Amino acid sequence: MLEAKLAEASVLKKLLDSIKELVTDANFECNEEGINLQAMDNSHVALVSVLLEAPGFSEYRCDRPMPLGVNLTSLTKVLKCAKDDDTCTLRAADEADMLNLVYEAKRTDRIAEYEMKLMDIDSDKLGIPDTDYEARVTMSSAEFSRIVRDLAALGESVRIEVSKEGVRFTAEGEAANGNVLLKPTDKVGKVEKEEDDDDAEKEDEDEDDDEVKVKKEKVSKVKKEKDGDEDVDMDDEKEEKDDDEEEEEEEEEDEDDDSSRKRKKKQASGSSKRAKTSAKAKGKKKKVDDDDDVEKVRIEMNSHVSLTFSLKYLVNFSKSSTLSSKVQLMLSNDVPLLVSYDFGQGHIRYYLAPKIGDE
């Protein structure tokens, strides 16, 4: 028996949307390690491999290995009946001919149950050989999606070239040509981040200097007024002296309070003082952190690689950007391209054969 519960149905919905145009019917192979799918498109140019690991499910049970043959178009229609934040439970008995799907709403008591007929699909599991790729590019999945969609408007093929300069995408069409070059950004991101931190610290130091300067002027003014009053009587002078001492004590207390507040504000992020004095630097730092996390381009290369691929397939692959913010492109000459998306529950990988003799 199989019982697999996902915390959010949106994961399965996005997964099916990514592969339904490449594969029509496929077997979901279930075992104690998780659920995986391997299938080729009708033209045998691309292969898709999906893995949903058992720890990625909130509940998972599979008594013995079993295939679930499904029509992906029909399964997509059934999944549309679930809300994105509903829990989704897949159930199937041994030797069953039906797949049971249960959707449970988190905010209400709504429970929806659907049944879908399973299919007998004869398919041999393809062995994917381990390959030592010559080049590996890690980049934003949204950027990759934008590049292939933009170039698909110009031509049918794209040449992906990885060199010391970076990774270049080139498309040539009848009416126009285009190319996009992405350079590694690791060092740029770190330098910008350090510069923004220095700006914030410098602004804090300037503010501290201004406060000290104001206090010095205040004390100097009090002393000057005291020295100028030579004709006052002893009582007034004593009273003024007491006032001065009280004022100096208040100033010392204020200084102690200010020092304490400064220490607390330096330890606590998002303090009001830093928000006023370094809002601009903080905004820059946040932007750099986001860029460093998602927009960073990392290139690992052993040798120069240049291959040509069909843009139609790459556009289909890029639909998986809804599952992960990053994508990995792995290339070697005369070897299929590997496009890999890793997400919380597992991964989805696409293999695409290069075009031969198409420049």
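Author: Phe317, Tyr341 and Tyr350 form one aromatic cluster, where rings of Phe, Tyr and Trp (its six-membered ring) pair if their centres lie within 6.5 Å, and planes under 30 degrees apart count as stacked, over 60 as edge-to-face and the rest as tilted. The model is predicted, so that local features need pLDDT of at least 70 and side-chain atom pairs count only at pLDDT 80 or more, while totals for chains, interfaces and linings use all residues. Residues are numbered from 1 along each chain as its sequence is written, and side-chain values use heavy atoms, with hydrogens and water left out.

A search of the whole structure finds five aromatic pairs. The rings of phenylalanine 317 and tyrosine 350 are stacked, because their centres are 4.3 Å apart and their planes stand at 15°. This pair links distant parts of the chain, with phenylalanine 317 in helix 8 (residues 311-317) and tyrosine 350 in strand 18, 33 residues apart; helices (H or I, at least four residues) and strands (E, at least two) are DSSP runs, numbered from the N terminus. Tyrosine 341 and tyrosine 350 form an edge-to-face pair, at 6.4 Å centre to centre and 90° between the planes.

Tyrosine 341 counts as buried because its relative accessibility is 0%, where buried means under 20% relative accessible area, exposed over 50% and partly exposed in between (1.4 Å probe, protein chains only). Both phenylalanine 317 and tyrosine 350 are buried as well.

As for the strands, strand 17 (residues 337-343) and strand 18 (residues 346-352) pair in the antiparallel sense over seven bridges, pairing being assigned if DSSP finds at least two bridges between two strands.
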